[in-house]
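Subject: Handover of a structure, with findings

Dear colleague,

Please find below the structure that I am handing over to you. I would be grateful if you could look through it alongside the notes that come after it.

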Amino acid sequence: MCSQTKAAALMANIPRVDIDPSGVFKYVLIRVHSREEGDDAEIDIVRGYAWAEYHADIYDKVSEELEKGGILDCECVGGGRIKHDPGAKKIHVYGYSIGFGRANHAVTTEKLKDQYPDYEVTWDNEGY
């Protein structure tokens, strides 16, 4: 019998980072929790897309997909902006979300560095 919960198995397959391949766009940092009794597993994921007019657009779409089935629960822990320049291999994280507040850009930056190990990834709290 496997001791891994359904939630942990689902979380293991969630990409930690999914952002547009280039440009400047809004992003959100989402904490995904297990809804299973006695399971306090959680992960943080980064999602950023140019199609989103508001940070909530990204959160609503991602949380709806992840919460299907009732095993996972999502919480937006902040937002900001990402400038992704694949030509220069640079990603810069900055700003905040009016609706969700400022994400912990240090956490976001570490996740981006894992996903883009050959990039220069920087952040600051300046700008909107």
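Predicted model: local features only at pLDDT ≥ 70, side-chain atom pairs only at ≥ 80, totals over all residues.

Salt bridges

The count of salt bridges comes to seven. One of them pairs E42 with R31, with 3.8 Å between the closest N and O atoms. Because E42 belongs to strand β3 (residues 42-49) and R31 to strand β2 (residues 23-34), this pair ties together parts that are eleven residues apart in sequence. E42 is partly exposed, its relative accessible area being 43%. R31 also counts as partly exposed, at 24% relative accessibility.

Two further salt bridges lie within helices. In helix α2 (residues 55-67), E65 and K61 are four residues apart, which is about one helical turn, and their side chains meet in a salt bridge at 2.8 Å, N to O. E65 is partly exposed at 45% relative accessibility, and K61 is partly exposed at 44%.

In soluble globular proteins, nonpolar side chains tend to be buried together. Here, the largest nonpolar core has 17 residues, of which M11, I14, I30, V32, I45 and L66 touch the most other members. Two or more residues of this core come from each of α1 (6-12), β2, β3, α2 and β4 (72-85). Helix α2 gives the most, with four residues.

Which residues does V32 touch, not counting residues up to four places away in sequence? The contacts of V32 are M11, I14, A41, E42, I43, I45, L66, L72, D73 and C74. E42, which is in this list, is also the salt-bridge partner of R31 described above.

There is also a second, separate core of 14 residues, and among its members are V17, L29, A103 and L112.

With kind regards

Methods
Residues numbered from 1 in each chain as written. Heavy atoms only, no water. Salt bridge = Lys/Arg side-chain N within 4 Å of Asp/Glu carboxyl O. Buried < 20%, exposed > 50% of the residue type's maximum accessible area, 1.4 Å probe, protein only. Core = buried A, V, L, I, M, F, W, Y, C linked by side-chain atoms within 4.5 Å. Contact = heavy atoms within 4.5 Å.
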